[in-house]
Amino acid sequence: MNIIALAGGAIAAGMLAQLLRRTNPEAAGALAVCAGVLLFGGVLTEAIPVLMEAETWLRDAGAKNPWITILLKCLGTCLVVQFAADCCRDVGEYALAGRVEFAGKAAVAVLSMPMFRAVLKLALELLA
Amino acid sequence: MEIDLIFKIAAIGIIVAVLNQVLAKADRQEQAMMVTLAGLVTVLSMVVARIAQLFETIQSVFGL
């Protein structure tokens with residue numbers, strides 16, 4: 001995780017995008033999105049051991065298997081939606097970014113439905 | 001962090017912008033439009049390939 005290279009790359013890409021903004025706006029948008037993709041991809045491949053470690057901690061804490069997969073899926077969905085929404089905002093499509101975020105919220109709600117049901121059942125058992 | 005891809009896209013963008021200006025001044029608006037379109041298509045094809053690769057990584061890591 002060479003953070004200096006990542007930061008330098010981001011600044012260079014920002015400057016180049018600014019350079020292209022006036023003469024060739026489409027290429028500037030594409031360049032900004034590409035820099036985001038490279039930065040995100042570079043960090044993600046480095047962060048895989050962290051996720052594996054977090055998963056083992058969850059398992060040791062006694063979390064059941066389906067909950068862990070739901071948690072990881074929700075995290076992945078949020079990352080993808082955040083990335084897509086930021087790319088849309090970058091090229092100036094703010095309404096589209098809002099739509100993507102709404103779709104992400106709906107997807108996470110659907111994904112975590114079993115968890116809500118379990119918590120509700122637990123609460124009812126405590127009350128009854 | 002393959003920085004050369006970013007410089008490649010920037011170079012294509014600049015070349016397309018210059019060509020566009022030259023063709024516009026030479027009173028060939030259609031060809032200027034064609035050059036801009038071609039430049040954009042090549043840039044976007046490069047970016048789309050990287051986005052597909054990124055989404056595959058995310059799918060494999062998070063089991064989506």
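Is Asp27(B) buried or exposed? At 64% relative accessibility, Asp27(B) counts as exposed, where exposed means over 50% relative accessible area, buried under 20% and partly exposed in between (1.4 Å probe, protein chains only).

## Basis of the model

This is a predicted model, in which local features need pLDDT of at least 70 and side-chain atom pairs count only at pLDDT 80 or more, while totals for chains, interfaces and linings use all residues. Residues are numbered from 1 along each chain as its sequence is written, chains are lettered from A and ligands numbered from 1 in the order in which they are written, and side-chain values use heavy atoms, with hydrogens and water left out.

## Chain A: fold and dimensions

Chain A contains five helices and zero strands, in the order α-α-α-α-α along the sequence. Helices (H or I, at least four residues) and strands (E, at least two) are DSSP runs, numbered from the N terminus.

The radius of gyration of chain A is 20 Å, whereas a compact globule of 128 residues would have a value near 14 Å. This radius is taken over C-alpha atoms, and the globule rule is 2.2 Å times the number of residues to the power 0.38. Along the principal axes, the C-alpha trace of chain A spans about 70 × 35 × 15 Å.

Chain A is divided into domain 1 (1-45) and domain 2 (64-128), with bounds that come from an automatic or database domain assignment. The C-alpha centres of domain 1 and domain 2 of chain A lie 28 Å apart. Seven residues of domain 1 of chain A are in contact with five residues of domain 2 of chain A, contact meaning heavy atoms within 4.5 Å. Of the contacts in chain A with a separation of 6 or more, 52% are between residues 24 or more positions apart.

Leu58(A) belongs to helix H2 (residues 25-60) of chain A and is partly exposed, with a relative accessible area of 30%. Beyond its neighbours within four places in sequence, Leu58(A) is in contact with Ala63(A), Ile68(A) and Leu71(A). Ile68(A) is ten residues from Leu58(A) along the chain, and their C-alpha atoms are separated by 7.2 Å.

## Chain B: fold and local features

Chain B has two helices and zero strands. The C-alpha atoms of chain B fill a box of roughly 55 × 20 × 10 Å along the principal axes.

Asp27(B) lies in the loop between helix H1 (3-25) and H2 of chain B. Although Asp27(B) is not a glycine, it has a positive phi of about 60°. Gln29(B) is found in helix H2 (residues 29-62) of chain B and is partly exposed, at 46% relative accessible area. Gln29(B) and Gly13(B) are 16 residues apart in sequence, with a C-alpha to C-alpha distance of 18 Å.

## Surface and charge

Buried residues make up 27% of the 128 residues in chain A, and 27% of the 64 residues of chain B count as buried. Chain A exposes about 7900 Å², with 72% supplied by carbon and sulfur atoms. For chain B, the accessible surface comes to about 3900 Å², of which 68% belongs to carbon and sulfur atoms. These areas come from the Shrake-Rupley method with a 1.4 Å probe; for residues, only the protein chains shown count as cover.

Chain A has 10 positive and 10 negative side chains, and the centres of the two sets lie 8 Å apart. In chain B, the mean positions of the 4 positive and 5 negative charges are 6 Å apart. Lys and Arg count as positive and Asp and Glu as negative, with His and the chain ends not counted; the place of a charge is NZ of Lys, CZ of Arg, CG of Asp or CD of Glu.
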